[in-house]
Amino acid sequence: MSRRIVLWRHGRTEWNVAGRVQGQTDVPLDDVGRQQARESAARLATLGPSRILSSDLMRAADTAAVLGELCGVSVETDERLRELEFGAREGLTWDEAWEQMPEGMQAWIDGDESKIPGSETHHQAGERFAGALRDHAEVLGDDETLVIVAHGGVARVGVCSFLGFPVDTWNSLGGLNNCAWSVLQEEEFRGRRGWRIVEWNAGTLPEPIMSDDERPGLGQPSASG
């Protein structure tokens, strides 16, 4: 018997395309994002999810609703699944953030995430998301599949926290494309039972990552999660 958690990132938004940090700003899907949700939901529906949980931000909740309708499963929301809170950076592009708060941005690059007013650290967000994962995993039945619809940045750090990865290794996992998914599965491995990553950023061909915590110059534009 094996339990499964599918982490599904929301579809594209106009802010993703423009490279604007969304964070917890409630930005809707664009037309492409809605189509991405329909196409990806058709694939994920074949897994027969028993529960669908979503961030309460509309770009995630609207993505989740497409899958819920296909599967006949009601979508539940949990605020702990929201994207990182980026504070004063939200709504800004990478260049605009550097123009408006160069000292804070340099500190952020150097590893001090406390200098952007109103922002949450990756560690804080990871712990928040991991707490939700633990709570919902506890009530997941044998051989059941839980789909969690969330955001690129918080899903990445939340998985790392949930699995107990050292914080200095969290950047080893790449970002998630819009409407791509990752899969955690509970398995027996070397005499111990636990959760493992069995898929990461699946469902699409390789393409640029547009996510809040990706930096320009690494092959991806910086945009919203």
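Is alanine 60 buried or exposed? Alanine 60 counts as buried, at 0% relative accessibility. Keep in mind that this is a predicted model.

Let me stay with alanine 60 for a moment. Its place is in helix H3. What does alanine 60 touch, leaving out residues up to four places away in sequence? The list is His10, Ser54, Ser55, Val149, Ala150 and His151. Now look at tryptophan 8. Alanine 60 and tryptophan 8 are 52 residues apart along the chain. Their C-alpha atoms are separated by 8.9 Å.

Next, helix H2. H2 covers residues 31-44, which is 14 residues. From its first C-alpha to its last, H2 reaches 20 Å. That is close to the 20 Å expected at 1.5 Å a residue. Look at the start of H2. There, a side-chain oxygen of aspartate 30 comes to within 3.1 Å of the backbone nitrogen of valine 32.

Which residues of H2 are buried? They are Gly33, Gln36, Ala37, Ser40, Ala41 and Leu44. Viewed down the axis of H2, these buried residues fall within an arc of 125 degrees, so they line one face of the helix. And what do they pack against? The partners are strand S1 (4-9), helix H3 (58-71) and strand S5 (181-189). H3 is the helix that holds alanine 60.

On to the tryptophans. How many aromatic pairs are there in the model? The count comes to three. Take tryptophan 94 and tryptophan 108. They form an edge-to-face pair, 6.2 Å centre to centre, with 70 degrees between the planes. The planes count as edge-to-face because the cut-off for that label is over 60 degrees. Where do the two partners sit? Tryptophan 94 is in helix H4 (residues 94-100), and tryptophan 108 is in helix H5 (residues 102-109). The pair therefore ties together parts that are 14 residues apart in sequence. Tryptophan 94 is buried, and tryptophan 108 is buried too.

Ring pairs link Trp94, Trp98 and Trp108 into a cluster. The charged end of arginine 89 sits over the ring of tryptophan 108, 4.7 Å from the ring centre.

Stay with H5. Its buried residues are Gly104, Met105, Ala107 and Trp108. Down the axis of H5, they fall within an arc of 160 degrees, so they line one face of the helix. These buried residues pack against H4 and H6. Just after H5 comes glycine 111, with a positive phi of about 105 degrees.

That brings us to H6. Histidine 122 lies in this helix, which covers residues 122-138. Histidine 122 is buried, with a relative accessible area of 12%. What does its side chain contact? The side chain of histidine 122 makes a polar contact with the side chain of glutamate 113, at 2.5 Å.

Glutamate 127 is also found in helix H6. This residue counts as partly exposed, at 38% relative accessibility. Apart from residues up to four places away in sequence, glutamate 127 touches Arg134 and Ser161.

Now helix H7, residues 152-162. Glycine 158 lies there. Glycine 158 counts as buried, at 0% relative accessibility. Which residues does glycine 158 touch, not counting those up to four places away in sequence? Gly126, Phe129, Ala130 and Leu133. Serine 114 is another reference point. Glycine 158 and serine 114 are 44 residues apart along the chain, with their C-alpha atoms separated by 19 Å.

Last topic, backbone angles. Aspartate 143 is not a glycine, although its phi is positive, about 65 degrees. Where is aspartate 143 found? In the loop between H6 and strand S4 (145-150). Asparagine 201 also has a positive phi, near 55 degrees, in a residue other than glycine. Asparagine 201 lies in strand S6 (residues 192-202). It counts as buried, at 19% relative accessibility. The cut-off for buried is under 20%.

To close, one item to look at on screen. Find the cluster of Trp94, Trp98 and Trp108, then the charged end of arginine 89 over the ring of tryptophan 108.

Conventions. Residues numbered from 1 in each chain as written. Predicted model: local features only at pLDDT ≥ 70, side-chain atom pairs only at ≥ 80, totals over all residues. Heavy atoms only, no water. Phe/Tyr/Trp six-rings, centres within 6.5 Å; stacked < 30°, edge-to-face > 60°. Helix = DSSP H or I, 4+ residues; strand = E, 2+ residues; numbered from the N terminus. Buried < 20%, exposed > 50% of the residue type's maximum accessible area, 1.4 Å probe, protein only. Lys NZ or Arg CZ within 6 Å of the ring centre and 35° of its normal. Expected span 1.5 Å × (residues − 1). Arc of directions from axis to C-beta. Contact = heavy atoms within 4.5 Å. Polar contact = N/O pair within 3.5 Å; in protein donor to acceptor, adjacent residues only side chain to side chain.
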